[in-house]
Amino acid sequence: MSERAPQPTRADYVAWRTVTTRWRDDDAYGHLNNATYYELFDTAVNAHLFEATGTNVRHLPQIGVVAETSCRYFREIGFPKPIEMGLVVDKVGTSSIVYRIGLFQGDGDEAAAEGRFVHVYVDNEHGAGNRPVVPMPDVVRAAVEPLLRS
């Protein structure tokens, strides 16, 4: 059995965004609902792409579709405090990007959760059902390479 990777800290991330939590984000147990973590990961990645490329990435001839996601939970978070989302890129391939997103709430240095999010770029010209894997657009590559951290 392999050892679990250490709990990430703020120093592990490159780009930052703060989001406001909402009452509806909490589940019946009073902490952030599991599905909301994944919404936050999606928002962190795509908001960065929109801002860093200066374009609506939904309308590019090649789009990133989610091929893999996961989450490691370290402690509870939830409404009403804001969440800081740190973003870093582990790998940029020809057609894929591997992101990590850390969620922080409060003053602590350690992440409350960390997501892994993989985009694979596919053809967007022919619609769903006919989307072969293609190289990512240069504008996307330029937006994510500054987030690479070894």
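**Entry 1: Asp27**

I started at Asp27, which counts as partly exposed because its relative accessibility is 22%. For that label I took buried as under 20% relative accessible area, exposed as over 50%, and partly exposed as in between, with a 1.4 Å probe and protein chains only. Asp27 sits in the loop between strand 1 and helix 1 (34–53). I took helices (H or I, at least four residues) and strands (E, at least two) as DSSP runs, numbered from the N terminus.

I then listed what Asp27 touches, leaving out residues up to four places away in sequence: Leu32 and Asn33. Contact here means heavy atoms within 4.5 Å. I also looked up Gly78, which is 51 residues from Asp27 along the chain; their C-alpha atoms are separated by 9.0 Å.

**Entry 2: Ground rules**

I am working on a predicted model, where local features need pLDDT of at least 70 and side-chain atom pairs count only at pLDDT 80 or more, while totals for chains, interfaces and linings use all residues. Residues are numbered from 1 along each chain as its sequence is written, and side-chain values use heavy atoms, with hydrogens and water left out.

**Entry 3: The whole chain**

I counted two helices and five strands. Read from the N terminus, the order is β-α-β-β-β-β-α. The radius of gyration is 16 Å, close to the 15 Å that the globule rule gives for 150 residues, so the chain is as compact as a globular protein of that length. That radius is taken over C-alpha atoms, and the rule is 2.2 Å times the number of residues to the power 0.38.

I noted the span of the C-alpha trace along its principal axes: about 45 × 35 × 35 Å. Buried residues make up 42% of the 150 in the chain. Of the contacts with a separation of 6 or more, 71% come from residues 24 or more positions apart.

The accessible surface is about 8300 Å², and carbon and sulfur atoms hold 50% of it. I used Shrake-Rupley areas with a 1.4 Å probe; for residues, only the protein chains shown count as cover.

**Entry 4: Charges and salt bridges**

Which pairs meet? I found nine salt bridges in the structure, each a side-chain nitrogen of Lys or Arg within 4 Å of a carboxyl oxygen of Asp or Glu.

Arg10 pairs with Glu84, with the closest N and O atoms 3.2 Å apart. This pair links distant parts of the chain: Arg10 is in the segment before strand 1 (15–19) and Glu84 in strand 3 (residues 83–92), 74 residues apart. Glu84 is partly exposed, at a relative accessible area of 28%.

Arg72 and Glu114 also form a salt bridge, at 3.0 Å from N to O. Arg72 is in strand 2 (residues 62–73) and Glu114 in strand 5 (residues 113–123), so this bridge ties together parts 42 residues apart in sequence. Is Glu114 buried or exposed? Glu114 is buried, with a relative accessible area of 8%.

I checked Arg141 and Glu145 next; their closest N and O atoms are 3.6 Å apart in a salt bridge. Arg141 is partly exposed at 23% relative accessible area, and Glu145 is partly exposed at 39%. Elsewhere, salt bridges that share partners join Arg72, Asp90, Arg100 and Glu114 into one network.

I found a cis peptide bond between Phe79 and Pro80, with omega about 15°. Pro80 is in the loop between strand 2 and strand 3.

Ala112 is in the loop between strand 4 (96–104) and strand 5. Ala112 counts as buried because its relative accessibility is 0%. Which residues does Ala112 touch, not counting residues up to four places away in sequence? I listed Arg72, Tyr73, Phe74, Arg75, Ile77 and Leu103. Ala112 and Arg10 are 102 residues apart in sequence, and their C-alpha atoms are 11 Å apart in space.

**Entry 5: Leu148**

I finished at Leu148, in the segment after helix 2 (138–144). Leu148 counts as partly exposed, at 40% relative accessibility. Setting aside residues up to four places away in sequence, Leu148 touches Val89, Asp90, Lys91 and Val92. From Leu148 to Val92 I read 7.9 Å, C-alpha to C-alpha, across 56 residues of sequence.
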